[in-house]
Amino acid sequence: MRKLLMQYVGIAVLASLLAIAGFGLAGTQPKALWFVGAGLSVGFLSLALRLVAPQVLETSWPSRQDEKFAESRASRNSDNRTQFLATWVQESDRERRAGEGSQTFVRKIRPMLLELTTSRLVHRHGIDPELEPERARALLGDQVWLLITGTEARTASFAEIEQAVQTIEKL
């Protein structure tokens, strides 16, 4: 770093002296301090750019971050949706134990699973579950299909929900 700094300062001072000499030979009276100051500032700026540019280029910009996130997400079993669902399953279990009768699965988990499934089926397979329920059921399997489209007020276990999420992710 020190050697690099000395090179840039030396080049800046040399360029300044050559500019002073050139203007002096042209018959003007250049202010030497101005030329040296301008040369040093250009030299320091170019050194800063040289040192900072590699770090800027290696920075994880959002698109690169998305790629890394997708790779890390593919390499692990659980994702944020599964953790989100696990939270709702725990709340559902608490409601059931308190004797309130759980509506968490029916009100929150099932609609989210249906939304995820519909999105995957439409975008990846061209199947609208409302218009082609038989094709959607064939892709998902009976257990997952009944879990996300059923009308009965019930609570699914975490294992059932996790299996449904994994099936949906594989679509």
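Predicted model: local features only at pLDDT ≥ 70, side-chain atom pairs only at ≥ 80, totals over all residues.
Me: Where is confidence lowest, and where highest?

Reply: pLDDT is the predictor's confidence in each residue, from 0 to 100. Here the protein averages 76, and 75% of the residues score at least 70. Helix α3 (residues 62–75) has the lowest confidence, with a mean of 53, while helix α6 (residues 133–140) has the highest, at 88.

Me: How many helices and strands are there?

Reply: Both are DSSP runs numbered from the N terminus: helices are H or I with at least four residues, strands are E with at least two. This protein has eight helices and zero strands.

Me: How do I read burial, say for threonine 167: buried or exposed?

Reply: Buried means under 20% relative accessible area, exposed over 50%, and partly exposed in between (1.4 Å probe, protein chains only). Of the 171 residues, 25% count as buried. Threonine 167, in helix α8 (residues 158–170), is buried at 18%. Leaving aside residues up to four places away in sequence, threonine 167 touches Leu140 and Val144; a contact means heavy atoms within 4.5 Å.

Me: And salt bridges? Why would side chains pair up at all?

Reply: Side chains of opposite charge can pair when their charged atoms come close. The cut-off is a side-chain nitrogen of Lys or Arg within 4 Å of a carboxyl oxygen of Asp or Glu. The structure holds three. In one of them, glutamate 169 pairs with arginine 120, with the closest N and O atoms 3.0 Å apart. Glutamate 169 sits in helix α8 and arginine 120 in helix α5 (residues 104–125), so this pair ties together parts that are 49 residues apart in sequence.

Me: How accessible are the two partners, glutamate 169 and arginine 120?

Reply: Glutamate 169 is partly exposed at 25%, whereas arginine 120 is buried at 13%.

Me: Which other pairs are there?

Reply: Glutamate 132 bridges to arginine 135, at 2.8 Å between the closest N and O atoms. Glutamate 132 is partly exposed at 26%, and arginine 135 is partly exposed at 44%. Aspartate 142 and arginine 137 also meet in a salt bridge, at 2.7 Å from N to O.

Terms used. Residues numbered from 1 in each chain as written. Heavy atoms only, no water.
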